[in-house]
Amino acid sequence: MRLIVTLLFSILFIGAGIAQNKVTISGYVKDLETGEGMIAATVLIKELNAGTVTNEYGFYSLSVDPGTYTVEWSFIGFETVSETIQLTSNLTRNTEIGFSQAMLEEVVVTGEREDEALTSVEMSVEKLDIAQVKKIPQLLGEADIIRSIQLLPGVTTVGEGATGFNVRGGNIDQNLILLDESPVFSSSHLFGFFSVFNADAIKDAKLYKGGIPSKYGGRLSSVLDIRQKEGNQKKYSATGGLGLLFSRLTLEGPIVKDKASFIVSGRRSYFDIFFPFAPDETIKDSRLYFYDLNGKVNWTINDKNRVFVAGYFGDDVFDLDGLFRTRWGNRTATLRWNHLFSEKLFSNFSAIYSKYSYSLGFEQDAFGLEWKADIENISGKADFTYFANPNNKVEFGFQNTYYYFSPGAAEAYFETGDVRDTFNFKVRSIPAFESALYLSNEQKIGTRLTLAYGVRYSGFAQLGAGHVYKYPNDQPIDPDNPSQNVTPIDTIQYDEWDIVKFYHGIEPRFSVNFQIDEFSSVKGSYNRMRQYIHLISNTTAATPVDIYMPAGEYIKPGLVDQIGLGYFRNFRANTYETSVEVYYKYFQDLVDYKDEAELLLNNTLETELYTGDGQAYGLEFQIKRKRGKLTGWVSYTLSRVERFVAEINNGDPYPANWDKTHDISIVASYDITKRINFASSFAYMTGRPITYPEARATFGGVTYPIYNNRNGARTPAYHRLDAAMNFNLVNPEKKNYSIDLATGVYNVYGRKNPYSIFFQQDEDNPEITKAFRLSIYAIPIPYLTINFKF
Amino acid sequence: MKHLTYIALFVGLCCLTIGCQEEIDLDLPPTDPELVIEGYLTQRDYYIPDSDLDCFGQTIIPLSDIKLAVALVDAFINIDSIEAETDYFPFNKVRLTTTADYFSNSAPPPVSNASVVLYEDGVAVETLEEDQDSPGTYRFTYYPIVGATYHLEIQALGSFYETKPEVYHDVPPLLSVTANYGPNFIQDSCAYYLGVQTFEKPGSGDFYRWMFYVNNKYDSRPNFIATANDDGIDGFCLFGLDVYGDELELGDTVTVFQMRSTEAYFNFVNTVRSQTAFVGGPFDGPPAPITGNLMNLTTNKAAYGFFGVGGISANAVAVPDTIPSVTCP
């Protein structure tokens, strides 16, 4: 409460400042070539040495005393636009800036001001430049945002091809992945081999690992905010690529020049195009593919109003001629309205829909099964930015989300002769409602100190209709014998819209930046986050068909407190950017699982779940070269992730599956000529924690392993080298189009990185026991892709 | 089997890597041995319904037929004599061994000269004698009583051990076992597959295990550990149920033991199966400790293995020597 009072006083203080006689210059900064709003472009008033950066929509606002000023609009890699303006009253100035010819020969690593890492109050933030992502060698040459993220400090993965990513010790469900503000529940295709984000359709991606701003919430460990392109407002263009196993095409252009534009982008794999040539009838009629379809339309109604409609559809499909089939996919849709209430008050209203659905099925002669599950949500939010003065930027807003969890429904049939018996089983669908309010201020104090402080209040209600089981002593787990199944003793029925369980709490956020000098700064941050939905997955790597469950009577919301401290220093006129950060996180009320937990189609799921705490701490170091023929980065992370669950490992702490003590990434891109680029990346990670058997015993002729120390050992280290060459075949400076040939090799030296190590008895002699290694991508995998742009 | 091949193909395509799995050498530290118990106290204590068996109103099995079948089973199968003919027989004895290093690759060391005492409802009823021809094997001569609770107290390896109490239940009889030609539950190729004719005892919370001997050789493959509980089939007639799943070879004789067990035993053998048969996939769960019901009271730590109790019923079938002249559906 004291925090809220302090904030209110701060806002009042800011309001007092506003009452003075100020004038405001505001507007949008756009790309001269495409008309797209530019995120994080800099607007500087030279005489005052005061400035700001544009927001997610390219909007800026600066309030200053009346006078004549030199205003500069700039963005790294673009020509700076400078103009002397006499500011006597409020002024709207939209500005378009274009590529710098002087910079064209240099590779841009980040699309932000050169010293952004030093001056911004944000810390633990990674901004991905899509052009750079496209140069990083990737599996089958498919530019992949999620795999690129895994090369950043503090980001790990359980193993090659595992779904999702882990940020600073968090599970994969602790990442809030937003595609144009819509939550994406599964970020992977083909069990994690490719991400669902088509790089051709993406404009900007930003990963918050810590110091998470108040406007974000609902997940414990990170926010990956991805914005799709808006579409070229100037001219029509087509971008695409033809690969061995994928192809993609993006079309964009103006609907009304400089007023409205569209972008449509599609991608499809065709692993299954060879199936019709198979001699086997079953394979002939089988399907195996994934696809994405992104679309966006935006319309600038006038200087004060702008509307966006964006959507995404994607699916993975495997159908073995009906005998076995699985399908999963995301659907998202966002309707946004940007409105300027005044030159100082920017607002965005969004209506958001998101659904992740998945199914499994198979049919035999006399038996068939179809299983389906999904998570659906509809959300409305409003975000306001009040540009009080050059030293204060206030953000506030709210969001309401209605969830509908369908954790599983199955229909099975049995046929006996001509008689067909059908059985239906459904886990109770659960509605829920989540609300959040936030208020924050970014405040500059003098020329060196910047503070960002705020608070988020969130609440979550699990709703009826439905029932909740009651257990002896209100405990679905017997504390004296936790592995034993506990049976419900009673049922409480809830009507529609009844509140089954309500959780709420305050989430303070704080960041500070003290700029030591022109080239260095120190930063600190603290954030508390709450997470009300959990991915229920007990496998080494999550599967696309794992279910989501909301907090309720027995499943508590997760909570984390994170502190971070960092030192940032740039060298050689911002050519080199270095940073060292340390962090500590303490997790509460994380979900863990009984041994052999039954997680699917279980109406008493709470009897399979444990609750525990955890901690993660580490040090991250990164050095980037941002300019010149050679660009890239080297990053190193030293970290530890532990879980404490009373019922697991005899209550002793154990490392999480994604705990990697050392994690080194080297990414380099070198322009051999203007038209030939070589890129390579190398990754090294300590092997992941694994449980080895201490001994063996024999029962019923079976020799079985004895496991007592959860994750007490580690797989051998992971390392991999990738390399790529990109040839520009048609020079875009001479033609109206460009064609590039991208070729490369994934896992150049064919390292057999262990995904897992498991233990089995010999098939013929049970007295012989063996260890086996499972490797994924254990050989060099070449690729060749033709990319084009018209 | 073909369908499993297709699924493997799918996984292979996903892996793209081609040859995902290989044997490796690994050094594991040595450990101190601990006691492992395996034993099952049993008799042919059958659950016989009080009246004719009504199978969903579609079939009525007269009580007299059930009693006749039981009499035939008892006359045809002499459980006590099977032991001499088979390579593995866990009933009415306790086998004590120790754990060994995981890669020790030899038979489990037997534990001789142990004191093994059977308790019925907390009262000592028998001290087991060690079989002089089979070190580490201790035999029961005591006949259990349906509804009674049994546990063992053991002195061995310098420690005092105790098993958790287990309740002895009767078992529905295995009325017959058949070899049926055609596709089965998971395999679409035609062959002879097993079918058991039995019924489930009314009242939920019943647990079963089946064991299979092919030509008197016990099938110890862990993925053929067959268990079931009565969730969704409480009181059902189970006719033609293939609890084995593998193809039967022409001319083989297959003997099936139907065991009634406790939930603890059911969970134990299921964990043995899942931790040995279904491992190695990219989506495995974490390895689980296989917790039995033997406790080392000297160290206050769990020892290993399981001592179970429950009725058994056995039956057998001779697979025909020829394939029938029918079209595979």
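The centres of domain 1 and domain 2 of chain A, taken over C-alpha atoms, are separated by 34 Å in this predicted model. The domain assignment of chain A places domain 1 at 2–103 and domain 2 at 125–789, with bounds that come from an automatic or database domain assignment. Between them, 29 residues of domain 1 of chain A are in contact with 27 residues of domain 2 of chain A, where contact requires C-beta atoms, placed from the backbone, within 7 Å.

The elements of chain A that give two or more residues to the side of domain 1 touching domain 2 are tabulated here; helices (H or I, at least four residues) and strands (E, at least two) are DSSP runs numbered from the N terminus.

| Element | Residues of chain A |
|---|---|
| α1 | 2–18 |
| β1 | 23–31 |
| β3 | 50–53 |
| β4 | 59–64 |

Of these, α1(A) gives the most to that side, with 8 residues.

The largest nonpolar core has 80 residues, and those with the most contacts inside it are A:Ile145, A:Ile149 and A:Ile202; such a core is a set of buried Ala, Val, Leu, Ile, Met, Phe, Trp, Tyr and Cys residues joined through C-beta atoms within 7 Å. Leaving aside neighbours within four places in sequence, A:Ile149 is in contact with A:Leu128, A:Val155, A:Phe165 and A:Leu207.

A:Leu774, found in strand β50 (residues 769–775) of chain A, counts as buried because it has 23 C-beta neighbours inside 10 Å, the cut-offs being 20 or more other C-beta atoms within 10 Å for buried, 12 or fewer for exposed, and partly exposed in between.

Residues are numbered from 1 along each chain as its sequence is written, and chains are lettered from A and ligands numbered from 1 in the order in which they are written. Because the model is predicted, local features need pLDDT of at least 70 and side-chain atom pairs count only at pLDDT 80 or more, while totals for chains, interfaces and linings use all residues.

Technical notes. Two residues are in contact if their C-beta atoms, placed from the backbone, lie within 7 Å.
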